[in-house]
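User: I would like to go through the aromatic contacts here and the reasons behind the labels. Please start from the terms.

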Amino acid sequence: MKEVSVQVADFDVGTEIAALSAADPMAGAVASFVGLVRADKLAEQKAGSGETASQPERPAAVTAMTLEHYPGMTEQALADIVAAAQKRWELRTVRVIHRVGRLLPGERIVFVGVSSAHRGDAFAACEFIMDYLKTQAPFWKKEETPEGGRWVDARTTDDLAAKRWQPD
Amino acid sequence: MNLKILYFASISEAIGITAENFAPPPEVTTVGGLRDALARQHPALLKTKNLRAAVNRKVCGMDADIADGDEIAFFPPVTGG
């Protein structure tokens, strides 16, 4: 099974989970995460990010989102994150899919699926991969709103989420 | 020294290009020095908060060394997922 995919096309969650389940007879658990484009992302970002708190609060529905990436580096960065997870936990199979291009609210952006012998490793590795993906993999989101386009600011909460996996 | 420079997301939008070839002055030996040299043409590089860089597709600090033929990318903090 291909480990990492960066693609414009959508993916089928059921197909991916079925493939993870079938890939290794020693797998006793499959954990997965699906990220979606949220329609109210901009309004939520303004409320949640200190960096934009000085801007006036205005509800601005996101009508679409475009994901840009660094072809050539993205795939390697994702593979490095998967390798770090495999070093840390006993994993059987890992699958990461990240979409690029223009996406509409409700569309799937990202899939992370992990199989392991027991559930603890699969749950933890799935969350670890997402936390590192959000802070290390070279993707950038630009939101379209009725008021124009806007690049999404990085969130300090994402940095903190990734840092909690590091030793004190 | 000849370098391939790439710009992404808000940086490339502010500068108006996504890539260029650049031969820095001989005293430039680090990513940070390169950024300062490029900023004479592209002031947006110095205005970007938390500018990030990669040398040959690996994220690095502004103190990283550069060498002939390197591919060097400048971009804002990532926001995928």
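Analyst: Buried means under 20% relative accessible area. The model is predicted. By that cut-off, both A:Phe128 and A:Trp165 are buried.

User: What makes the pair of A:Trp89 and A:Phe128 edge-to-face?

Analyst: Ring centres must lie within 6.5 Å, and planes over 60 degrees apart count as edge-to-face. Here the centres are 5.1 Å apart and the planes stand at 75°. Both conditions hold, so A:Trp89 and A:Phe128 form an edge-to-face pair.

User: Which parts does that pair of A:Trp89 and A:Phe128 tie together?

Analyst: A:Trp89 lies in the loop between helix 3 and strand 4 of chain A, and A:Phe128 in helix 4, so the pair ties together parts that are 39 residues apart in sequence. A:Trp89 is buried, as is A:Phe128.

User: Why is the pair of A:Phe128 and A:Trp165 called edge-to-face?

Analyst: The planes are at 80° and the centres 5.6 Å apart, so this pair is edge-to-face. A:Trp165 sits in the segment after helix 5 of chain A, so its pairing with A:Phe128 in helix 4 ties together parts 37 residues apart in sequence.

User: How do you know that A:Arg108 lies over the face of A:Phe11?

Analyst: CZ of Arg has to be within 6 Å of the ring centre and within 35 degrees of the ring normal. A:Arg108 is at 5.9 Å from the ring centre of A:Phe11 and is listed as lying over its face.

User: What does the buried side of helix 4 of chain A pack against?

Analyst: The buried residues of helix 4 pack against strand 2, helix 3, strand 4, strand 6 and helix 5 of chain A. Among these buried residues are A:Phe128, A:Ile129 and A:Tyr132.

Terms used. Residues are numbered from 1 along each chain as its sequence is written. Chains are lettered from A and ligands numbered from 1 in the order in which they are written. This is a predicted model: local features need pLDDT of at least 70, side-chain atom pairs count only at pLDDT 80 or more; totals for chains, interfaces and linings use all residues. Side-chain values use heavy atoms; hydrogens and water are left out. Rings of Phe, Tyr and Trp (its six-membered ring) pair if their centres lie within 6.5 Å; planes under 30 degrees apart count as stacked, over 60 as edge-to-face and the rest as tilted. Helices (H or I, at least four residues) and strands (E, at least two) are DSSP runs, numbered from the N terminus. Buried means under 20% relative accessible area, exposed over 50%, partly exposed in between (1.4 Å probe, protein chains only). Contact means heavy atoms within 4.5 Å.
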